[in-house]
Amino acid sequence: MKLSQFKFRLPDEAIAMEPPHRAFENEDGTVDKIYYRDQCRLMVIHRKRQVIDMFKKDADGNDTTEFLTFRNVVDYFDEGDVFLFNDTKVFPARLYGTKEKTDAKIEVFLLRELNAELRLWDVLVEPARKIRIGNKLFFDEEGPMVAEVIDNTTSRGRTLRFLYDCPHDEFKAELYGLGEAPLPRYIVDQRPATPDDMENFQTIFAANEGAVTAPSTGLHFSRELMKIMEIQGIEKAFVTVHCSLGAFDPIEVEDLTKHKMNSEQMIVTAEACEKVNAAKQKGRRICVIGVSTLRAAESAVGTDGLLKEYDGWTNKFIFPPYDFGLANALVANFYHPESTMLMSTAAFGGYDLIMEAYDLAVKNDYKFGCYGDALLVLDD
């Protein structure tokens with residue numbers, strides 16, 4: 001397929017800046033917000049029947065005028081079905097420092113730690129043209145956190161050595177204390193990150209640190225919804241995919257077969273395989289939560305259609321047409337035009353039906369992006 005086939009007009013106001021919430025003004029004029037992870041809208045696609053559901057049903061099975069919400073996702077599953085989640089944990093990867101002598105403000109985006117003993121980190125810097133090897137960056141006027149640029153890796157990439165003499169745990173805590181939630185560019189270009197974002201941009205089941213962006217579809221699951229799943233007998237299993245910024249890289253080729261995805265580290269445990277495979281062999285639904293989890297599942301599925309243990313990296317790029325080996329249901333977000341996530345969703349749900357759903361989403365004021373609304377694709 002071609003890149004241009006995934007282009008559509010997305011109004012700025014359709015991009016969610018925050019999760020669903022209620023705001024309360026206090027007597028002193030300050031505003032408090034209560035966030036509801038599972039109260040975004042839900043659109044449901046039945047890919048075999050070519051049907052799209054947006055509204056709740058009445059007692060006679062007819063559409064009402066009330067939109068489905070994410071809590072309704074469990075209504076489409078039965079006891080013994082399995083939801084497969086990504087349990088990666090986001091760390092506060094975006095920091096702001098100042099360059100020595102000039103005091104220029106520099107954004108430093110932490111990607112991964114290269115050497116714990118030497119305090120070496122792979123980072124992105126902005127504006128990159130101002131940062132050269134040998135420059136020092138200061139991160140806290142009151143504290144001792146200083147970094148030296150020791151290498152250029154890409155046009156925006158640098159290797160930093162943090163000059164901080166203390167136990168590693170103390171260094172890591174200090175470093176993370178200076179950071180903020182690594183929200184996507186399309187949000188931070190409109191508003192600054194807040195302390196609430198560090199909680200909102202983290203799934204409630206996050207366990208294994210290493211992601212620099214959230215597995216956003218997992219953000220819709222609240223503790224209450226997970227409890228409802230448990231009561232209904234819907235099983236859950238977890239893989240780990242440390243989400244990178246690669247999914248946000250613009251595709252610069254029209255022919256999608258020529259696009260190369262950045263690699264992401266992933267782990268599929270024996271426990272996850274046992275739970276997923278037992279359900280699949282019984283004919284139960286395997287619902288993959290999010291595109292990062294979908295890529296992991298397709299990277300680790302065998303020719304027999306069963307999940308295999310895996311500890312390594314994946315650069316799998318899924319776009320139409322694609323034959324899926326494991327999942328028969330997918331929960332995704334509404335993604336930006338020409339994004340790899342949209343392409344993977346279209347591969348699962350069918351290009352024409354997914355693009356029809358996106359057209360309906362724009363016309364009916366659904367919200368897009370990591371804090372936006374959700375899409376359930378069923379194989380029925």
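**Terms and values**

Reply: Glu264 and Arg295 form a salt bridge, with their closest N and O atoms 2.6 Å apart. This pair links distant parts of the chain, 31 residues apart: Glu264 belongs to strand E17 (residues 264–268) and Arg295 to helix H6. Helices (H or I, at least four residues) and strands (E, at least two) are DSSP runs, numbered from the N terminus. The model is predicted: local features need pLDDT of at least 70 and side-chain atom pairs count only at pLDDT 80 or more, while totals for chains, interfaces and linings use all residues. Residues are numbered from 1 along each chain as its sequence is written, and side-chain values use heavy atoms, leaving out hydrogens and water.

Me: What makes the contact of Lys172 with Glu113 a salt bridge?

Reply: A salt bridge requires a side-chain nitrogen of Lys or Arg within 4 Å of a carboxyl oxygen of Asp or Glu. The closest N and O atoms of Lys172 and Glu113 are 3.9 Å apart, so the pair meets that limit. Lys172 lies in helix H1 (residues 168–178) and Glu113 in strand E10 (residues 105–115), 59 residues apart. The structure holds 23 salt bridges.

Me: Why is Lys172 called buried, and Glu113 partly exposed?

Reply: Buried means under 20% relative accessible area, exposed over 50%, and partly exposed in between (1.4 Å probe, protein chains only). Lys172 has 18% and is therefore buried, whereas Glu113, at 24%, counts as partly exposed.

Me: How are Asp359 and Lys363 classed?

Reply: Asp359 has a relative accessible area of 38%, so it is partly exposed. Lys363 has 58% and is therefore exposed. Their side chains meet in a salt bridge of 3.0 Å, N to O. Both residues lie in helix H8, four residues apart, about one turn of the helix.

Me: Why is the pair of Phe201 and Tyr371 called edge-to-face?

Reply: Rings of Phe, Tyr and Trp (its six-membered ring) pair if their centres lie within 6.5 Å; planes under 30 degrees apart count as stacked, over 60 as edge-to-face and the rest as tilted. The centres of these two rings are 6.2 Å apart and their planes stand at 80°, so the pair is edge-to-face. Phe201 lies in the loop between helix H3 (195–200) and strand E15 (208–211), and Tyr371 in the loop between helix H8 (351–363) and strand E21 (374–378), so the pair ties together parts that are 170 residues apart in sequence. Both Phe201 and Tyr371 are buried.

Me: What makes the pair of Phe324 and Phe348 edge-to-face?

Reply: The ring centres of Phe324 and Phe348 are 5.0 Å apart and the planes are at 70°, so this pair is edge-to-face. Phe348 has a relative accessible area of 2% and is therefore buried. The structure holds 26 aromatic pairs.

Me: How do you know that the buried residues of helix H4 lie on the same side?

Reply: The buried residues of H4 (residues 223–232) are Leu225, Met226 and Met229. They cover an arc of only 100° around the axis, so they are on the same side of H4; the arc is that of the directions from the helix axis to the C-beta atoms. On the other side of H4, Arg223 and Ile231 are exposed.
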